Amino acid sequence: MDKNISRRSALKMFAAGVVATGVSSCQTNTKVMTSAIVKTATNPNRDSWHKTHDRVWLGGEYWANPMEDWRVIDGGAECLSRGGNRSVHSLTHQLTYVDQTFSISVQLARLEKHHNDGGAGLRLGVKSELNEYRSNCFVQQGYDLGIKNNDLMLGGNTTPLNIQLDKQAVTLELVGTPQSGAMSLELTAKLSDSGRVIGSLTHLVPASELLGNIALVSNFSIPSVTLEQIPENKLGSRYRFSNWIMQGDALSVHDERKFGPILWTMYSLSDSRAAEGFVMKLSAYTGPIGNKDNQKIELQVQRNNQWISLGKQTINHDGWLATFRIANWSEKQDTPFRVVYLEKHSDGTATPDIYTGNIKANPTSSKLRMAALTCQNDYGFPYEPVAQNVEKLTPDIVFFSGDQIYESHGGFGIVRSPDNLAILNYLRKFYQFGWSFKEVMRNQPTICLPDDHDVLQGNLWGEGGAKMQNIEKDPTASVLGGYIDSARVVNMVHRTTLNHHPDPYDPTPTNGISSYYGEMLYGGVSFAIIADRQWKSGPERIGVAVGETGQDEDPLSYNPAFNPPGLDLLGKRQEDFLVQWGNDWRGHTLKAVLSQTVFAGISTHQPLPNRFLKYDFDSSGWPASARDRAIDVMRDSMALHICGDTHLGSLSQYGVHQQRDSNWAFCTPAISAGWPRWWKPDSMNMPHKNRPAHGLAETGEYKDSFGNKIYVYAVGNPVVGKSGNRYVQAHEKGSGFGFITFDSEKRTYTMQAYKFLVDVTDGKASNQYPGWPVTIHQQENKGNNILS
């Protein structure tokens, strides 16, 4: 199909229900949709910027580092920053077959010249230890070639240009020819206007050095520190790139790797138990489009082999997403869907983009199966072992409990102001989450909670949405209460993670920040979606220094000064909601509470196995009195608490008035554990009773450092992560995911805790952490214990 199809023709095709990509029906088999025949670049491929409206997002064929530093302006990609190692990677073209020839050309211009020019041009052989195209995008080294100061560079070789460059546009032409296991490279620089040759170089390079991604780089010889970290006189120049053309059989072409304009979707389906019946909500995400781009996304569903439009929604530029809310959804059968975006170009043409999936029928089986995931530090990006294992298990519903991003994601630091740049800074980190798990979310409902790192804070004591005070004392936002970013930025984070959720129970904002707690009723299970950070009291209320106060105390003592009256965990609004929810059993027989983290301090050592940390105020075991109050209102619901955050998988039972009188909690392993934690009470001689029948160490009835009663049934302690391979390191650090089967007929919960680097289909017992799988009865969530 002609990619330059006219807008009028495309609109006619959509109106007729024809899939513009050539797919005649919605395919929900993700392997079918994402597979493609690998081809080579026999024909030249030119960038699309010459017909792209001015905007931040460079296009689906590219990944920009960092996104907020790049713009399409007047038909070219301009770097707005003078910082180092700003790059644009091709997602569709990689150097793969180094026994074949290739040619690459690009036009560049130096927009601002400075004494510390870092150079600009091409980077070949960009690869991680995996040589996987997404992970390659964040590697900042390779084989560089281009112009620096007034020299032509090819690897380590340089030659002066034969004219003095100012702001003239220069075309770099690179030709690679295989030569006995090596690659002969010839680089020519020409003035773009006249074609005059102003320099040339040749170099013989080991072929293996060139395998991997191909990127454009601005200031390739300057480190990629943030602008705040480098003096003005150390900053480089500023460059513009255009007419990027690649061709040759050495290049593999994967058109299916294009990421956007529609990046991914998330949806929920919930029984309202009211006149609206089942309500389906779906969010579709695009890259940051411009004001002259098409501002609408259309949702279509397939009924009786016909595509029916359910309307269009405007893309919200605070997050660049469009959300659809459809009441009285027909929940009794699977419904194929597609979201359609018509990308308008500056030359009057348009290209349709179609993203397909399946809205599953409300499950009628007595068993509902949930994948539960948390915490994805990007040293393990793109987390393929976890993503692929979840796909293999085909869950009915997926739950991400938080920390979809970390502040360090993708490098280049944090931008907190102005708001428009802070939003872009967050989004390019958030896009790594969707890039990794879009297939997991494509065909099943997804619940996705924001946690502290999602709002770019090391820790979050939300204080009901209060603004953080004395920020200069806490630049990492790790020790003070309140939110460091503006309400607009925090609401954008909520919008991108939560907009597709069922409507909140009470959306009244707190200090300008949106409230999202509420219920999702699906497959015979009612889920209470809770924010256990937003109302939580800050540690300055009791005058402690996080990570320092109390470390000199007796490890086995409990300091009552840390538990004064008047502190909050969930806040009164959420506590009142849980009371109402816990007593409403219409349409279901099992309940679960979904929140960010466990209501106990189940860690003794961090971030090394020999470093005891007595008080972890980030834990929702603090404030202890508010924790007890929250559990008291949960108990009658007999709900399983499912959560994450700690980077330490655990299965425990809460005690308030006595040991084991309350709900069980499954804190799932992290997708990619960053800051490590260990639960090693036995090494501290912490007293315990009633070790479970399995006899595993570090289990039984304990009190945590805040005096909370906990029964630890199983824990997934890590080893120290040392491997240079990201997936092996993630495995060493105790990473993985959880899986829960809700059996409404037997009224049981079966929990599994899978390790990172396993194959869940081979049935090996070693795939799971010691102590799992475990089945508990509903009655055990109110202290009527059966499991021993």
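**View 1. Leucine 651 and its bridge partner in strand E31.** In this predicted model, leucine 651 has phenylalanine 666 of E31 as its bridge partner. The two strands concerned, E30 (residues 650-655) and E31 (residues 664-667), pair in the antiparallel sense, and four bridges link them. In general, the strands of a sheet pair through backbone hydrogen bonds, in either a parallel or an antiparallel manner.

**View 2. The open sheet of eight strands.** The strands of this sheet follow the order E26-E27-E28-E29-E31-E30-E33-E32, and their pairing is mixed. Strand E26 (518-522) and strand E32 (700-703) stand at the edges, where each has a single partner strand, so one side of each is left without a neighbour in the sheet. From one strand to the next, the twist averages 25 degrees. Helix H8 (residues 624-635) packs on this sheet, touching strand E28 (590-597), strand E29 (640-644), E30 and strand E33 (709-715), and its direction makes about 90 degrees with that of E30.

**View 3. The open sheet of six strands.** Here the order is E25-E24-E23-E34-E35-E36, again with mixed pairing. The edges are taken by strand E25 (446-448) and strand E36 (774-777), each of which has a single partner strand, so one side of each is left without a neighbour in the sheet. The twist averages 20 degrees from one strand to the next.

**View 4. Strands E35 and E36, and helix H5.** Strand E35 (residues 748-755) runs antiparallel to E36 and is joined to it by four bridges, while tyrosine 749 stands opposite isoleucine 776 in E36. Helix H5 (residues 419-442) packs on the sheet, touching strand E23 (367-373), strand E24 (397-400) and E25, and its direction makes about 155 degrees with that of E24.

Definitions and conventions. Residues are numbered from 1 along each chain as its sequence is written. This is a predicted model: local features need pLDDT of at least 70, side-chain atom pairs count only at pLDDT 80 or more; totals for chains, interfaces and linings use all residues. Side-chain values use heavy atoms; hydrogens and water are left out. Two strands pair if DSSP finds at least two bridges between them. Axes are lines fitted to C-alpha atoms, for helices over the stretch in contact, and angles run from 0 to 180 degrees between N-to-C directions. Contact means heavy atoms within 4.5 Å.
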